Amino acid sequence: RRSGSSPLLEPQLVDSQFGISLVGSSTPTPAMKLILSVACVSATAVTPTQKVIQLLQEMMAKGKEEKEAEEVKFAKFSQWCTNMEGSKSDAIAKEKATIEELVAEIEKLNADVKELTGEISELDQTMTTLKTDIKAATSVRGMEKSDYVATHTDYSESLDALDRAISVLKKNAHDSKQTEESFLQLSRTAANIMPQSVQRAIASFLQMQSTDIYEQAPEAHGYEFQGAGIIDMLEDLKNKFRKERSGLEKTELDQKHDYELLVQTLSDEIEAATKTRERKAASKAKKMKRAAEAEGEQKDEEADLAADSEYLADLKSECEVKHTDFAARQKLRGEEIEAIGKAIDILSSDDVSGAAERNLPGLVQRGSSLLQLRRRSAEYSPSQAKVAVYLQEQSARLGSALLAQVAESADADPFKKVKKMIK
(Lines give C-alpha, C1' and ligand atoms only; values in the text may rest on other atoms or scores of the structure.)
Protein backbone atom coordinates (compact mmCIF):
# COMPACT_ATOMS: atom_id res chain seq x y z
CA ARG A 1 0.00 0.00 0.00
CA ARG A 2 1.25 3.41 -0.93
CA SER A 3 1.46 5.98 1.86
CA GLY A 4 -1.59 8.14 2.09
CA SER A 5 -3.53 5.97 -0.37
CA SER A 6 -6.96 4.69 0.34
CA PRO A 7 -7.41 0.99 1.11
CA LEU A 8 -8.85 0.40 -2.40
CA LEU A 9 -7.79 -2.36 -4.69
CA GLU A 10 -5.17 -1.70 -7.33
CA PRO A 11 -6.38 -1.63 -10.95
CA GLN A 12 -5.02 -5.19 -11.51
CA LEU A 13 -4.43 -8.05 -9.17
CA VAL A 14 -2.38 -10.99 -10.47
CA ASP A 15 -1.22 -14.07 -8.68
CA SER A 16 2.34 -14.67 -9.81
CA GLN A 17 2.02 -18.43 -9.52
CA PHE A 18 -1.42 -19.09 -11.14
CA GLY A 19 -1.92 -16.12 -13.49
CA ILE A 20 -5.16 -14.89 -11.88
CA SER A 21 -5.95 -11.34 -12.85
CA LEU A 22 -8.73 -9.29 -11.31
CA VAL A 23 -9.94 -5.88 -12.38
CA GLY A 24 -9.91 -3.83 -9.20
CA SER A 25 -12.70 -1.75 -7.71
CA SER A 26 -13.50 -0.27 -4.36
CA THR A 27 -16.07 -3.00 -3.81
CA PRO A 28 -15.36 -6.71 -4.33
CA THR A 29 -17.08 -8.01 -7.48
CA PRO A 30 -18.88 -11.37 -7.66
CA ALA A 31 -15.90 -12.84 -9.53
CA MET A 32 -13.54 -11.64 -6.81
CA LYS A 33 -15.79 -13.16 -4.19
CA LEU A 34 -15.85 -16.45 -6.17
CA ILE A 35 -12.07 -16.61 -6.41
CA LEU A 36 -11.65 -15.70 -2.75
CA SER A 37 -14.16 -18.41 -1.89
CA VAL A 38 -12.18 -20.92 -3.98
CA ALA A 39 -9.01 -19.82 -2.22
CA CYS A 40 -10.63 -20.21 1.16
CA VAL A 41 -11.93 -23.66 0.27
CA SER A 42 -8.54 -24.62 -1.12
CA ALA A 43 -6.90 -23.64 2.15
CA THR A 44 -8.71 -26.50 3.85
CA ALA A 45 -9.30 -28.84 0.80
CA VAL A 46 -7.49 -28.76 -2.60
CA THR A 47 -5.82 -26.04 -4.61
CA PRO A 48 -7.07 -24.83 -8.01
CA THR A 49 -4.02 -26.42 -9.65
CA GLN A 50 -5.02 -29.73 -8.16
CA LYS A 51 -8.52 -29.13 -9.47
CA VAL A 52 -7.06 -28.63 -12.97
CA ILE A 53 -4.96 -31.75 -12.57
CA GLN A 54 -8.03 -33.64 -11.42
CA LEU A 55 -9.97 -32.37 -14.46
CA LEU A 56 -7.19 -33.46 -16.80
CA GLN A 57 -7.05 -36.84 -15.12
CA GLU A 58 -10.78 -37.22 -15.61
CA MET A 59 -10.38 -36.24 -19.25
CA MET A 60 -7.60 -38.78 -19.66
CA ALA A 61 -9.67 -41.51 -17.98
CA LYS A 62 -12.64 -40.65 -20.17
CA GLY A 63 -10.41 -40.69 -23.25
CA LYS A 64 -9.08 -44.12 -22.33
CA GLU A 65 -12.60 -45.36 -21.70
CA GLU A 66 -13.82 -44.04 -25.04
CA LYS A 67 -10.76 -45.46 -26.76
CA GLU A 68 -11.41 -48.90 -25.30
CA ALA A 69 -15.13 -48.65 -26.05
CA GLU A 70 -14.34 -47.78 -29.65
CA GLU A 71 -11.95 -50.73 -29.82
CA VAL A 72 -14.72 -53.07 -28.64
CA LYS A 73 -17.22 -51.55 -31.06
CA PHE A 74 -14.79 -51.71 -33.95
CA ALA A 75 -13.90 -55.30 -33.10
CA LYS A 76 -17.57 -56.18 -33.57
CA PHE A 77 -17.68 -54.20 -36.80
CA SER A 78 -14.47 -55.86 -38.00
CA GLN A 79 -15.93 -59.27 -37.22
CA TRP A 80 -19.07 -58.29 -39.11
CA CYS A 81 -16.90 -57.29 -42.09
CA THR A 82 -15.09 -60.62 -41.93
CA ASN A 83 -18.34 -62.57 -41.70
CA MET A 84 -19.99 -60.63 -44.51
CA GLU A 85 -16.94 -60.90 -46.75
CA GLY A 86 -16.82 -64.64 -46.12
CA SER A 87 -20.54 -65.02 -46.72
CA LYS A 88 -20.50 -62.99 -49.93
CA SER A 89 -17.35 -64.73 -51.14
CA ASP A 90 -19.02 -68.10 -50.57
CA ALA A 91 -22.15 -66.87 -52.36
CA ILE A 92 -20.07 -65.61 -55.29
CA ALA A 93 -18.18 -68.92 -55.52
CA LYS A 94 -21.46 -70.81 -55.45
CA GLU A 95 -22.97 -68.54 -58.11
CA LYS A 96 -19.93 -69.01 -60.35
CA ALA A 97 -20.13 -72.77 -59.93
CA THR A 98 -23.86 -72.70 -60.64
CA ILE A 99 -23.30 -70.61 -63.78
CA GLU A 100 -20.67 -73.08 -64.99
CA GLU A 101 -23.07 -75.96 -64.37
CA LEU A 102 -25.87 -74.14 -66.17
CA VAL A 103 -23.64 -73.32 -69.14
CA ALA A 104 -22.61 -76.98 -69.39
CA GLU A 105 -26.22 -78.11 -69.03
CA ILE A 106 -27.40 -75.66 -71.72
CA GLU A 107 -24.69 -76.81 -74.11
CA LYS A 108 -25.64 -80.45 -73.50
CA LEU A 109 -29.34 -79.70 -73.93
CA ASN A 110 -28.74 -77.80 -77.17
CA ALA A 111 -26.59 -80.66 -78.47
CA ASP A 112 -29.33 -83.15 -77.55
CA VAL A 113 -31.95 -80.98 -79.25
CA LYS A 114 -29.83 -80.83 -82.40
CA GLU A 115 -29.34 -84.60 -82.37
CA LEU A 116 -33.02 -85.24 -81.75
CA THR A 117 -33.92 -82.88 -84.58
CA GLY A 118 -31.77 -84.94 -86.95
CA GLU A 119 -33.24 -88.21 -85.68
CA ILE A 120 -36.79 -86.90 -86.03
CA SER A 121 -36.02 -85.81 -89.58
CA GLU A 122 -34.69 -89.28 -90.39
CA LEU A 123 -37.80 -90.85 -88.89
CA ASP A 124 -39.98 -88.57 -90.97
CA GLN A 125 -38.10 -89.64 -94.09
CA THR A 126 -38.37 -93.29 -93.07
CA MET A 127 -42.11 -93.02 -92.51
CA THR A 128 -42.52 -91.25 -95.83
CA THR A 129 -40.61 -94.07 -97.53
CA LEU A 130 -42.68 -96.71 -95.75
CA LYS A 131 -45.91 -95.03 -96.74
CA THR A 132 -44.65 -94.81 -100.31
CA ASP A 133 -43.82 -98.52 -100.21
CA ILE A 134 -47.34 -99.28 -99.00
CA LYS A 135 -48.81 -97.24 -101.80
CA ALA A 136 -46.57 -98.99 -104.33
CA ALA A 137 -47.42 -102.40 -102.91
CA THR A 138 -51.11 -101.53 -102.94
CA SER A 139 -50.81 -100.43 -106.55
CA VAL A 140 -49.05 -103.66 -107.53
CA ARG A 141 -51.59 -105.62 -105.59
CA GLY A 142 -54.35 -103.84 -107.43
CA MET A 143 -52.86 -104.81 -110.78
CA GLU A 144 -52.36 -108.37 -109.59
CA LYS A 145 -55.93 -108.48 -108.46
CA SER A 146 -57.15 -107.11 -111.78
CA ASP A 147 -55.07 -109.62 -113.72
CA TYR A 148 -56.29 -112.43 -111.49
CA VAL A 149 -59.92 -111.47 -111.93
CA ALA A 150 -59.56 -111.18 -115.69
CA THR A 151 -57.62 -114.43 -116.01
CA HIS A 152 -59.87 -116.27 -113.59
CA THR A 153 -62.88 -115.07 -115.55
CA ASP A 154 -61.28 -116.30 -118.79
CA TYR A 155 -60.67 -119.72 -117.26
CA SER A 156 -64.15 -119.91 -115.85
CA GLU A 157 -65.81 -118.85 -119.08
CA SER A 158 -63.55 -121.13 -121.11
CA LEU A 159 -64.46 -124.07 -118.95
CA ASP A 160 -68.12 -123.24 -119.44
CA ALA A 161 -67.56 -123.04 -123.19
CA LEU A 162 -65.69 -126.34 -123.19
CA ASP A 163 -68.52 -128.00 -121.30
CA ARG A 164 -71.00 -126.73 -123.86
CA ALA A 165 -68.83 -127.69 -126.82
CA ILE A 166 -68.25 -131.18 -125.50
CA SER A 167 -71.95 -131.56 -124.80
CA VAL A 168 -72.87 -130.43 -128.32
CA LEU A 169 -70.37 -132.77 -129.93
CA LYS A 170 -71.65 -135.69 -127.93
CA LYS A 171 -75.35 -134.98 -128.48
CA ASN A 172 -75.46 -133.44 -131.96
CA ALA A 173 -72.52 -134.84 -133.80
CA HIS A 174 -74.18 -134.26 -137.23
CA ASP A 175 -75.56 -130.77 -136.42
CA SER A 176 -72.77 -128.88 -138.09
CA LYS A 177 -74.30 -125.48 -137.50
CA GLN A 178 -74.70 -125.90 -133.74
CA THR A 179 -71.25 -127.48 -133.50
CA GLU A 180 -69.71 -124.57 -135.36
CA GLU A 181 -71.34 -122.01 -133.07
CA SER A 182 -70.09 -123.83 -129.98
CA PHE A 183 -66.53 -123.94 -131.25
CA LEU A 184 -66.57 -120.32 -132.35
CA GLN A 185 -67.75 -119.27 -128.85
CA LEU A 186 -65.01 -121.41 -127.31
CA SER A 187 -62.41 -119.82 -129.55
CA ARG A 188 -63.49 -116.33 -128.56
CA THR A 189 -63.77 -117.10 -124.87
CA ALA A 190 -60.50 -119.01 -124.46
CA ALA A 191 -58.48 -117.10 -127.01
CA ASN A 192 -56.11 -115.75 -124.30
CA ILE A 193 -55.54 -119.03 -122.52
CA MET A 194 -56.04 -121.71 -125.20
CA PRO A 195 -52.84 -123.21 -126.58
CA GLN A 196 -52.10 -122.57 -130.25
CA SER A 197 -52.18 -126.23 -131.08
CA VAL A 198 -55.70 -126.53 -129.75
CA GLN A 199 -56.77 -123.44 -131.60
CA ARG A 200 -55.37 -124.90 -134.86
CA ALA A 201 -57.09 -128.22 -134.28
CA ILE A 202 -60.43 -126.55 -133.68
CA ALA A 203 -60.02 -124.38 -136.72
CA SER A 204 -59.17 -127.42 -138.83
CA PHE A 205 -62.13 -129.27 -137.42
CA LEU A 206 -64.50 -126.44 -138.24
CA GLN A 207 -63.16 -126.19 -141.77
CA MET A 208 -63.65 -129.87 -142.36
CA GLN A 209 -67.18 -129.68 -141.03
CA SER A 210 -68.08 -126.88 -143.42
CA THR A 211 -67.35 -129.03 -146.57
CA ASP A 212 -69.75 -131.48 -148.22
CA ILE A 213 -67.67 -134.51 -147.41
CA TYR A 214 -70.10 -135.17 -144.60
CA GLU A 215 -72.64 -136.28 -147.27
CA GLN A 216 -70.35 -138.98 -148.69
CA ALA A 217 -71.31 -142.26 -147.13
CA PRO A 218 -67.96 -144.04 -147.53
CA GLU A 219 -66.28 -141.38 -145.41
CA ALA A 220 -68.84 -141.28 -142.53
CA HIS A 221 -66.76 -143.56 -140.32
CA GLY A 222 -63.77 -141.22 -140.69
CA TYR A 223 -65.76 -138.21 -139.58
CA GLU A 224 -66.99 -140.00 -136.47
CA PHE A 225 -63.43 -140.85 -135.60
CA GLN A 226 -62.36 -137.27 -136.12
CA GLY A 227 -65.17 -135.93 -133.83
CA ALA A 228 -64.23 -138.36 -131.09
CA GLY A 229 -60.65 -137.10 -131.22
CA ILE A 230 -61.84 -133.54 -130.88
CA ILE A 231 -63.88 -134.47 -127.81
CA ASP A 232 -60.86 -136.09 -126.19
CA MET A 233 -58.78 -133.02 -126.94
CA LEU A 234 -61.43 -130.77 -125.39
CA GLU A 235 -61.63 -132.95 -122.30
CA ASP A 236 -57.88 -132.68 -121.88
CA LEU A 237 -58.07 -128.96 -122.40
CA LYS A 238 -60.84 -128.75 -119.81
CA ASN A 239 -58.75 -130.57 -117.23
CA LYS A 240 -55.80 -128.37 -118.07
CA PHE A 241 -57.85 -125.18 -117.57
CA ARG A 242 -59.16 -126.42 -114.27
CA LYS A 243 -55.65 -127.06 -112.98
CA GLU A 244 -54.44 -123.71 -114.25
CA ARG A 245 -57.41 -121.96 -112.66
CA SER A 246 -56.69 -123.70 -109.34
CA GLY A 247 -53.06 -122.66 -109.63
CA LEU A 248 -54.18 -119.12 -110.42
CA GLU A 249 -56.41 -119.11 -107.34
CA LYS A 250 -53.56 -120.40 -105.18
CA THR A 251 -51.24 -117.76 -106.58
CA GLU A 252 -53.85 -115.13 -105.84
CA LEU A 253 -54.12 -116.28 -102.27
CA ASP A 254 -50.32 -116.25 -101.90
CA GLN A 255 -50.03 -112.80 -103.46
CA LYS A 256 -52.82 -111.51 -101.27
CA HIS A 257 -51.17 -112.96 -98.18
CA ASP A 258 -47.80 -111.55 -99.15
CA TYR A 259 -49.36 -108.16 -99.74
CA GLU A 260 -51.18 -108.18 -96.44
CA LEU A 261 -48.03 -109.33 -94.64
CA LEU A 262 -45.99 -106.62 -96.35
CA VAL A 263 -48.53 -103.96 -95.55
CA GLN A 264 -48.73 -105.17 -91.96
CA THR A 265 -44.95 -105.11 -91.62
CA LEU A 266 -44.70 -101.67 -93.17
CA SER A 267 -47.57 -100.44 -91.02
CA ASP A 268 -45.90 -101.83 -87.90
CA GLU A 269 -42.70 -100.07 -88.87
CA ILE A 270 -44.61 -96.85 -89.43
CA GLU A 271 -46.34 -97.22 -86.07
CA ALA A 272 -43.05 -97.92 -84.32
CA ALA A 273 -41.41 -94.98 -86.11
CA THR A 274 -44.36 -92.78 -85.19
CA LYS A 275 -44.09 -93.70 -81.52
CA THR A 276 -40.35 -93.20 -81.61
CA ARG A 277 -40.83 -89.86 -83.28
CA GLU A 278 -43.43 -88.81 -80.71
CA ARG A 279 -41.12 -89.85 -77.89
CA LYS A 280 -38.18 -88.01 -79.41
CA ALA A 281 -40.34 -84.98 -80.18
CA ALA A 282 -41.56 -84.93 -76.57
CA SER A 283 -37.97 -85.28 -75.34
CA LYS A 284 -36.88 -82.51 -77.69
CA ALA A 285 -39.65 -80.21 -76.45
CA LYS A 286 -38.76 -81.02 -72.84
CA LYS A 287 -35.08 -80.33 -73.43
CA MET A 288 -35.86 -77.09 -75.26
CA LYS A 289 -38.05 -76.00 -72.36
CA ARG A 290 -35.35 -76.90 -69.84
CA ALA A 291 -32.74 -75.10 -71.93
CA ALA A 292 -34.89 -71.96 -71.91
CA GLU A 293 -35.36 -72.28 -68.14
CA ALA A 294 -31.62 -72.83 -67.66
CA GLU A 295 -30.85 -69.75 -69.73
CA GLY A 296 -33.21 -67.75 -67.52
CA GLU A 297 -31.58 -69.19 -64.40
CA GLN A 298 -28.18 -68.34 -65.86
CA LYS A 299 -29.22 -64.72 -66.37
CA ASP A 300 -30.55 -64.57 -62.80
CA GLU A 301 -27.35 -66.09 -61.42
CA GLU A 302 -25.24 -63.68 -63.47
CA ALA A 303 -27.31 -60.76 -62.16
CA ASP A 304 -26.89 -62.06 -58.59
CA LEU A 305 -23.18 -62.55 -59.20
CA ALA A 306 -22.80 -58.99 -60.48
CA ALA A 307 -24.78 -57.60 -57.54
CA ASP A 308 -22.87 -59.66 -54.97
CA SER A 309 -19.52 -58.80 -56.56
CA GLU A 310 -20.38 -55.13 -56.48
CA TYR A 311 -21.61 -55.42 -52.89
CA LEU A 312 -18.44 -57.26 -51.87
CA ALA A 313 -16.25 -54.64 -53.51
CA ASP A 314 -18.18 -51.84 -51.77
CA LEU A 315 -18.07 -53.76 -48.50
CA LYS A 316 -14.30 -54.22 -48.68
CA SER A 317 -13.84 -50.57 -49.58
CA GLU A 318 -16.11 -49.40 -46.74
CA CYS A 319 -14.50 -51.73 -44.21
CA GLU A 320 -11.04 -50.62 -45.33
CA VAL A 321 -11.99 -46.95 -45.02
CA LYS A 322 -13.49 -47.51 -41.58
CA HIS A 323 -10.45 -49.51 -40.55
CA THR A 324 -8.18 -46.69 -41.68
CA ASP A 325 -10.36 -44.13 -39.89
CA PHE A 326 -10.41 -46.29 -36.77
CA ALA A 327 -6.63 -46.65 -36.79
CA ALA A 328 -6.23 -42.90 -37.23
CA ARG A 329 -8.70 -42.17 -34.41
CA GLN A 330 -7.02 -44.68 -32.14
CA LYS A 331 -3.66 -43.14 -32.85
CA LEU A 332 -5.05 -39.64 -32.23
CA ARG A 333 -6.73 -40.70 -28.99
CA GLY A 334 -3.55 -42.35 -27.80
CA GLU A 335 -1.48 -39.29 -28.57
CA GLU A 336 -4.09 -37.05 -26.93
CA ILE A 337 -4.00 -39.23 -23.83
CA GLU A 338 -0.22 -39.11 -23.90
CA ALA A 339 -0.23 -35.30 -24.26
CA ILE A 340 -2.73 -34.87 -21.43
CA GLY A 341 -0.62 -37.16 -19.27
CA LYS A 342 2.45 -35.09 -19.99
CA ALA A 343 0.49 -31.93 -19.16
CA ILE A 344 -0.53 -33.54 -15.88
CA ASP A 345 3.11 -34.35 -15.18
CA ILE A 346 4.05 -30.72 -15.80
CA LEU A 347 1.28 -29.38 -13.56
CA SER A 348 2.08 -32.01 -10.95
CA SER A 349 5.75 -30.97 -10.73
CA ASP A 350 7.04 -29.31 -7.54
CA ASP A 351 7.50 -25.96 -9.31
CA VAL A 352 3.74 -25.70 -9.92
CA SER A 353 1.78 -27.77 -7.43
CA GLY A 354 4.23 -27.08 -4.59
CA ALA A 355 3.99 -23.31 -5.01
CA ALA A 356 0.22 -23.45 -5.20
CA GLU A 357 -0.01 -25.56 -2.06
CA ARG A 358 2.42 -23.25 -0.22
CA ASN A 359 1.30 -19.82 -1.36
CA LEU A 360 -2.46 -19.77 -1.99
CA PRO A 361 -3.58 -21.48 1.24
CA GLY A 362 -1.01 -19.42 3.15
CA LEU A 363 -2.45 -16.20 1.81
CA VAL A 364 -5.83 -16.99 3.23
CA GLN A 365 -4.62 -18.52 6.47
CA ARG A 366 -2.38 -15.50 7.25
CA GLY A 367 -5.19 -13.11 6.33
CA SER A 368 -3.12 -11.52 3.56
CA SER A 369 -4.79 -8.67 1.80
CA LEU A 370 -6.00 -8.70 -1.78
CA LEU A 371 -3.14 -6.33 -2.49
CA GLN A 372 -0.63 -9.08 -1.70
CA LEU A 373 -2.59 -11.46 -3.93
CA ARG A 374 -2.60 -8.81 -6.66
CA ARG A 375 1.15 -8.36 -6.46
CA ARG A 376 1.88 -12.03 -6.45
CA SER A 377 -0.38 -12.48 -9.48
CA ALA A 378 1.54 -9.87 -11.45
CA GLU A 379 4.01 -12.51 -12.56
CA TYR A 380 2.93 -15.05 -15.27
CA SER A 381 3.55 -18.69 -14.34
CA PRO A 382 6.32 -20.21 -16.53
CA SER A 383 4.94 -23.70 -15.90
CA GLN A 384 1.50 -22.60 -17.06
CA ALA A 385 3.05 -21.15 -20.20
CA LYS A 386 5.02 -24.34 -20.73
CA VAL A 387 1.86 -26.47 -20.47
CA ALA A 388 -0.05 -24.16 -22.81
CA VAL A 389 2.73 -24.14 -25.42
CA TYR A 390 3.15 -27.90 -25.21
CA LEU A 391 -0.57 -28.54 -25.62
CA GLN A 392 -0.79 -26.08 -28.52
CA GLU A 393 2.10 -27.81 -30.30
CA GLN A 394 0.55 -31.21 -29.78
CA SER A 395 -2.89 -30.05 -30.97
CA ALA A 396 -1.32 -28.58 -34.11
CA ARG A 397 0.72 -31.73 -34.80
CA LEU A 398 -2.15 -34.12 -34.17
CA GLY A 399 -4.93 -31.89 -35.41
CA SER A 400 -6.70 -32.39 -32.09
CA ALA A 401 -9.48 -29.97 -31.27
CA LEU A 402 -9.56 -31.36 -27.74
CA LEU A 403 -5.93 -30.48 -27.04
CA ALA A 404 -6.46 -27.05 -28.61
CA GLN A 405 -9.28 -26.34 -26.15
CA VAL A 406 -7.19 -27.56 -23.23
CA ALA A 407 -4.25 -25.43 -24.38
CA GLU A 408 -6.46 -22.36 -24.69
CA SER A 409 -7.79 -22.90 -21.19
CA ALA A 410 -4.33 -23.39 -19.75
CA ASP A 411 -3.01 -20.28 -21.48
CA ALA A 412 -5.96 -18.07 -20.55
CA ASP A 413 -7.01 -19.02 -17.06
CA PRO A 414 -6.16 -22.23 -15.20
CA PHE A 415 -9.10 -21.58 -12.85
CA LYS A 416 -11.73 -21.46 -15.60
CA LYS A 417 -12.59 -25.17 -15.34
CA VAL A 418 -12.59 -24.93 -11.57
CA LYS A 419 -14.98 -21.97 -11.62
CA LYS A 420 -17.29 -23.84 -14.00
CA MET A 421 -17.25 -26.85 -11.73
CA ILE A 422 -18.05 -24.62 -8.73
CA LYS A 423 -20.94 -23.05 -10.64
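Helices (H or I, at least four residues) and strands (E, at least two) are DSSP runs, numbered from the N terminus. The structure described here is a predicted model, in which local features need pLDDT of at least 70 and side-chain atom pairs count only at pLDDT 80 or more, whereas totals for chains, interfaces and linings use all residues. Residues are numbered from 1 along each chain as its sequence is written, and side-chain values use heavy atoms, with hydrogens and water left out.

The chain contains ten helices and two strands. Along the sequence these elements follow the pattern β-β-α-α-α-α-α-α-α-α-α-α. Of the 423 residues in the chain, 34% are buried, where buried means under 20% relative accessible area, exposed means over 50%, and partly exposed lies in between (1.4 Å probe, protein chains only). Contact is defined as heavy atoms within 4.5 Å. Among contacts between residues at least 6 apart in sequence, 81% join residues at least 24 apart.

One disulfide is counted in the model, a disulfide being a pair of cysteine sulfur atoms within 2.5 Å. It joins Cys81 to Cys319, with an S to S distance of 2.0 Å. Cys81 lies in helix α2 (residues 48-171) and Cys319 in helix α5 (residues 220-347), so the pair ties together parts that are 238 residues apart in sequence. The link of Cys81 and Cys319 is left-handed, with -90° about the S-S bond. Cys81 counts as buried because its relative accessibility is 5%, and Cys319 counts as buried because its value is 8%.

Grid points are joined across faces, edges and corners, and a volume is the space filled by probe spheres set on the points. The second largest pocket holds about 160 Å³ of space. Its lining is formed by Glu70, Lys73, Phe74, Phe77, Lys322, Asp325, Phe326 and Arg329. By class, three of the lining residues are nonpolar, none is polar and five are charged; Ala, Val, Leu, Ile, Met, Phe, Trp, Tyr, Cys and Pro count as nonpolar, Asp, Glu, Lys and Arg as charged, and the others, Gly among them, as polar.

His152 is located in helix α2. With a relative accessibility of 18%, His152 counts as buried. Leaving aside neighbours within four places in sequence, His152 is in contact with Arg245, Leu248 and Glu249. The side chains of His152 and Glu249 make a polar contact at 2.5 Å. A polar contact is a pair of N or O atoms within 3.5 Å; within protein, one must be able to donate a hydrogen and the other to accept it, and residues adjacent in sequence count only if both atoms are side-chain atoms.

Further residue pairs illustrate how positions separated in sequence are placed in space. Ser158 belongs to helix α2 and is buried, its relative accessible area being 0%. Ser87 and Leu312 are 225 residues apart in sequence and have a C-alpha to C-alpha distance of 9.5 Å.

Asp232 is found in helix α5 and, at 49% relative accessibility, counts as partly exposed. Asp232 and Ile166 are 66 residues apart in sequence, and their C-alpha atoms are 8.9 Å apart. Ser283 also lies in helix α5; with a relative accessible area of 25%, Ser283 is partly exposed. The C-alpha atoms of Ser283 and Leu116 are separated by 8.1 Å, and the two residues are 167 residues apart along the chain.

Terms used:
On a 1 Å grid over the protein atoms alone, a cavity is a set of points where a 1.4 Å probe fits but cannot get out, and a pocket is an open set with protein on both sides within 12 Å along at least five of seven lines; lining residues have an atom within 4 Å of a point.
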